[in-house]
Amino acid sequence: MHKRLRWVAAAGIVLALAGCSANDSGSGESAAMPMSADTKQAAPNQGAPKKEATDSAGSGKAPAPAGQPGVADRKLVRTANLELTAPNVADVISQVRVITQGAAGYTGQESTQEKRASVNVIVPSERLDGVLDQLGKLGKQVKREVTATDVTEQMVDVESRLATQRASVERIRALLARATSVSEIASVESELTSREAELESLQKRRESLAGSVAMSTISLQVKAETVAASEESRSGFLGGLAGGWDAFLTFGGGLLTAIGAMAPFLLVFGVPVAALVWWLRKRRRPAEPAMATASDLPSAPPLD
């Protein structure tokens, strides 16, 4: 009887141990499956950054630093200088006006003579090169220069100062709304006027920079072909000789002009002074011989 009980107890213990091992193995497998799934899901995510790094490295383009505009966002002020020679200066200036209006621009300061002229042409910056090409075909192109000034930092600085100044003005207006006494109101209004004036100055500065960026100026000089030929011929020895002769004529003309300006004063004051001097000298002449005669008389002989 006791032996059977011991065998039954032993069999129960074995069954219990078998069930525990089965549960442990099942739980291990169930835990292993999510791990593998998570591992498979994480694998693509780990590969994505590597791909992005490869793409960024392969492109060869470094990103612009924070706060710095890219190349396409640079603000440039472009100006040009163009010199032409043509048979008829007036016809060239007329065609310049037509080309300028066709490019949605306008002409500024202008000086036109018979054989030479100068005019400032203002056109949109994106049409500057095309307008220069058209103007260059109106005559013989002697000189063509294009300059560009980067004002990006100035624009960024003005925008930043504008934002700060607007916030400052709003704070002063809020203080003005809360002021109660007359002295407080007067003090706050004075400060508000000062800050609003600075704000307007910054706004005008921004508008000026924006206008300079949007529109480009072309300084155009046109000379007649005869004038250009004469200027070219004035080189070397003959050119120096001609220049010296012109300088001599200029000096002589200036000297004659000065003499002509002094002639009235010489007539009014010089003639009376000369007459007075002549009269004084004439009056002194008889006295000098008389004095000389008295001194030259022989002395009396001594008495014995």
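Which residues are buried in helix 2?

1. **Basis of the model.** This is a predicted model, in which local features need pLDDT of at least 70, side-chain atom pairs count only at pLDDT 80 or more, and totals for chains, interfaces and linings use all residues. Residues are numbered from 1 along each chain as its sequence is written, and side-chain values use heavy atoms, with hydrogens and water left out.

2. **Overall make-up.** The chain contains eight helices and five strands; helices (H or I, at least four residues) and strands (E, at least two) are DSSP runs, numbered from the N terminus. Along the sequence these elements follow the pattern α-β-α-β-β-α-β-α-α-β-α-α-α. Of the 304 residues in the chain, 17% are buried; buried means under 20% relative accessible area, exposed over 50%, and partly exposed in between, with a 1.4 Å probe and protein chains only. Among contacts with a separation of 6 or more, 77% are between residues 24 or more positions apart, a contact being heavy atoms within 4.5 Å.

3. **Helix 2 and its buried face.** The buried residues of helix 2 are Val89, Val92, Ile93, Val96, Ile99 and Thr100. Seen down the axis of helix 2, they fall within an arc of 120 degrees, so they line one face of the helix; the arc is that of the directions from the helix axis to the C-beta atoms. An α-helix has 3.6 residues a turn, so residues three or four places apart point the same way. The cover over the buried residues of helix 2 includes strand 1, strand 2, strand 3, helix 3 and strand 5. On the face turned away from the buried side, helix 2 carries the exposed residues Val98, Gln101 and Gly102.

4. **Length and ends of helix 2.** With 14 residues, helix 2 reaches 20 Å from its first C-alpha to its last, close to the 20 Å expected at 1.5 Å a residue; the expected span is 1.5 Å times one less than the number of residues. At the start of helix 2, a side-chain oxygen of Asn88 comes to within 3.1 Å of the backbone nitrogen of Ala90. After helix 2 comes Ala104, with a positive phi near 65 degrees.

5. **Thr100.** This residue belongs to helix 2, which spans residues 89-102. Thr100 counts as buried because its relative accessibility is 1%. Apart from neighbours within four places in sequence, Thr100 is in contact with Gly105, Tyr106, Thr107, Val121, Ile122 and Val123.

6. Five strands form an open sheet with mixed pairing, in the order 2-3-5-1-4; two strands pair if DSSP finds at least two bridges between them. Strand 2 (106-112) and strand 4 (140-150) are the edge strands, each pairing on one side only. On average, neighbouring strands of this sheet are turned by 10 degrees against each other, direction ignored. Axes here are lines fitted to C-alpha atoms, for helices over the stretch in contact, and angles run from 0 to 180 degrees between N-to-C directions.

7. **Pairing within the sheet.** Strand 2 and strand 3 run antiparallel and are joined by five bridges, with Ser111 opposite Ser118 in strand 3. A hairpin of three residues connects strand 2 to strand 3. Strand 3 also pairs with strand 5, in the antiparallel sense over nine bridges, and Val119 stands opposite Leu220 in strand 5. Strand 1 (residues 76-86) is joined to strand 4 by ten bridges, the two running antiparallel; Leu84 stands opposite Gln141 in strand 4.

8. **Helix 3 on the sheet.** Helix 3 (residues 128-136) lies across strand 1, strand 3 (116-124), strand 4 and strand 5 (215-224). The angle of helix 3 to strand 1 is about 5 degrees.

9. **Thr149 in strand 4.** Thr149 is placed in strand 4 and counts as partly exposed because its relative accessibility is 45%. Not counting residues up to four places away in sequence, Thr149 touches Lys75, Leu76 and Val77. Thr149 and Lys75 are 74 residues apart along the chain, and their C-alpha atoms are separated by 8.4 Å.

10. **Gln165 in helix 4.** Is Gln165 buried or exposed? Gln165 lies in helix 4 (residues 152-178) and is buried, with a relative accessible area of 9%. Leaving aside neighbours within four places in sequence, Gln165 is in contact with Arg195, Glu198, Leu199 and Leu202.

Conventions:
A polar contact is a pair of N or O atoms within 3.5 Å; within protein, one must be able to donate a hydrogen and the other to accept it, and residues adjacent in sequence count only if both atoms are side-chain atoms.
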